[in-house]
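Please look through the sequence and the model shown below before reading on. The paragraphs that follow lead from a pair of strands to the sheet around them, and then to the helices.

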Amino acid sequence: MTGAYVASIDQGTASSRCMLFDERGRLVSMAQKEHRQLFPRPGWVEQDGEEILGNVLEVVCDALDKTGLKVADLVALGIANQRETTLVWDRHSGRPIYNAISWQDTRTDKIVNLLAGEGGKDRFRAKTGLPLTTYFSGPKIQWILDHVEGARAGAERGDVLFGTMDTWLIWKLTGRHVTDVTNASRTMLMDLRSLEWDDELLDAMRVPRAMLPEIHASSELYGEASEPLRGLPVAAALGDQQAALFGQTCFAAGEGKCTYGTGSFLLLNTGPRLVESTHGLLTTVGCRIAGEPATYALEGSIAVTGALVQWLRDKLGLISSAAEIETLARTVEDSGGVYVVPAFSGLFAPHWRSDARGVIAGLTGYTTKGHLARAVLEATAWQTREVLEAMNSDSGAVLQVLKADGGMTADNLMMQLLADFIGVPVVRPIVAETVSLGAAYAAGLAVGFWPNVESLRANWHKAAEWLPKLDPEDRERRFRKWKKAVARTLEWVDADDD
């Protein structure tokens with residue numbers, strides 16, 4: 001192969017991938033490798049930062065080898081990463097002082113409760129756009145500093161450094177200690193307006209400023225990589241969901257995407273306007289291109305979507321593969337009045353109710369496994385409808401089309417149900433790997449491989465589109481039933497439950 005290409009790293013929760021794209025945004029090579037998930041105690045989830053680094057370097061080299069390309073054939077490297085996962089390492093040895101603490105980890109619940117006790121869960125929302133929960137990085141840093149001998153003193157001297165996975169990889173590749181605004185916005189330590197670390201937040205979480213990386217744009221030349229990628233410009237970093245927003249070319253205010261995987265994340269670009277949610281959503285930075293103002297986004301996270309299909313397969317045994325659910329659901333014309341609300345560990349956006357537990361409502365003697373399968377697919381569509389309504393209310397605008405990506409979008413029935421229930425067209429792009437594509441786009445943009453965002457729009461091509469077919473009155477009637485089913489999930493866990 002000849003020509004110039006952009007490489008992207010998607011450093012995810014369970015694996016790391018490298019993808020190579022050409023000038024038209026077409027995928028030309030891919031390599032992937034899983035890493036271990038460590039569970040030292042109930043609720044604790046860790047990863048080995050050195051293992052992840054080794055895997056990342058390996059998959060980049062593998063992706064090149066598959067096509068006979070060399071590092072010199074690449075114009076830039078972009079990084080998309082699992083957000084909030086926290087790593088702390090020694091500046092001099094270059095080795096982590098503790099395992100990376102995953103975004104899924106809940107060990108910081110006591111720290112979070114103490115912080116909330118002085119002002120509630122929304123104590124820092126005005127500055128950070130985030131509620132106090134165990135997801136975000138700030139409390140994880142505090143935990144490491146409090147539990148690893150010498151860590152706090154080292155951090156105060158600047159000898160112990162913090163980073164999310166983008167920072168760790170950039171530091172190892174280029175020697176620079178930097179992060180981008182999208183990842184910084186998920187730490188609970190950055191002011192969304194100034195885009196800088198905030199003293200009030202640092203003091204509250206007892207995090208020394210000396211250990212923090214510099215905050216930079218998402219699309220910017222950070223430096224050149226050392227061996228084995230010597231000379232390769234590292235030119236972008238974005239949190240994975242923001243990378244998907246960029247890869248879907250949602251560059252204008254009012255454009256949104258939803259990524260459907262184990263859970264689902266719906267992001268709406270609000271442009272330079274920072275919208276404070278009053279309907280249970282997160283406010284985050286969508287992206288910042290070097291030399292331009294930041295763009296902001298509203299985010300709605302849904303805990304269980306693809307995981308519900310896995311539950312139907314692995315726990316109930318009604319299907320033997322995820323793909324079979326569409327076939328089973330098509331054996332009936334509707335769900336027969338059945339609603340499945342998958343509040344397995346509470347409800348996320350827009351409810352944020354940890355006391356909720358899952359229900360199956362509307363069962364009768366008429367119900368078949370086909371009805372149950374269809375209700376499982378409908379659950380993803382109804383949950384999307386709830387988040388979309390919250391976004392429309394917060395933003396003051398109505399989303400005109402939803403760009404969808406992720407593994408679940410291969411289910412054509414679910415895509416039609418989604419369009420029917422949200423009442424706007426749903427489109428799926430030809431390149432479904434939008435996280436990797438977004439990181440590649442941002443990196444190529446930084447080095448001039450693509451001249452502007454309009455040239456990226458020209459690369460976006462629709463693979464399929466689903467238009468709403470459901471009668472609006474029927475849609476609203478069924479949505480009222482869904483909300484009744486959601487109400488049945490609430491207050492299931494009592495305060496004295498284990």
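Strand 5 (residues 74–81) and strand 14 (residues 233–239) pair in the parallel sense over 5 bridges, where strands are DSSP E runs of at least two residues and helices are H or I runs of at least four, numbered from the N terminus, and pairing requires at least two DSSP bridges between two strands. Within this pair, A80 has L238 of strand 14 as its bridge partner. This is a predicted model, in which local features need pLDDT of at least 70, side-chain atom pairs count only at pLDDT 80 or more, and totals for chains, interfaces and linings use all residues. Residues are numbered from 1 along each chain as its sequence is written, and side-chain values use heavy atoms, with hydrogens and water left out.

The two strands belong to an open sheet of 6 strands with mixed pairing, in the order 3-2-1-5-14-13. Strand 3 (27–34) and strand 13 (219–224) stand at the edges and have a single partner strand each, so one side of each is left without a neighbour in the sheet.

Helix 14 lies across several strands of the sheet, among them strand 1 (5–11) and strand 2 (15–21), contact meaning heavy atoms within 4.5 Å. The 13 residues of helix 14 (residues 434–446) should span 18 Å at 1.5 Å a residue, and this agrees with its end C-alpha atoms, which are 18 Å apart; the expected span is 1.5 Å times one less than the number of residues. Of these 13 residues, 12 are buried, that is, under 20% relative accessible area with a 1.4 Å probe and protein chains only. Just after helix 14, G448 takes a positive phi of about 80°.

Terms used. Buried < 20%, exposed > 50% of the residue type's maximum accessible area, 1.4 Å probe, protein only. Axes fitted to C-alpha atoms, helices over the stretch in contact; angles between N-to-C directions.
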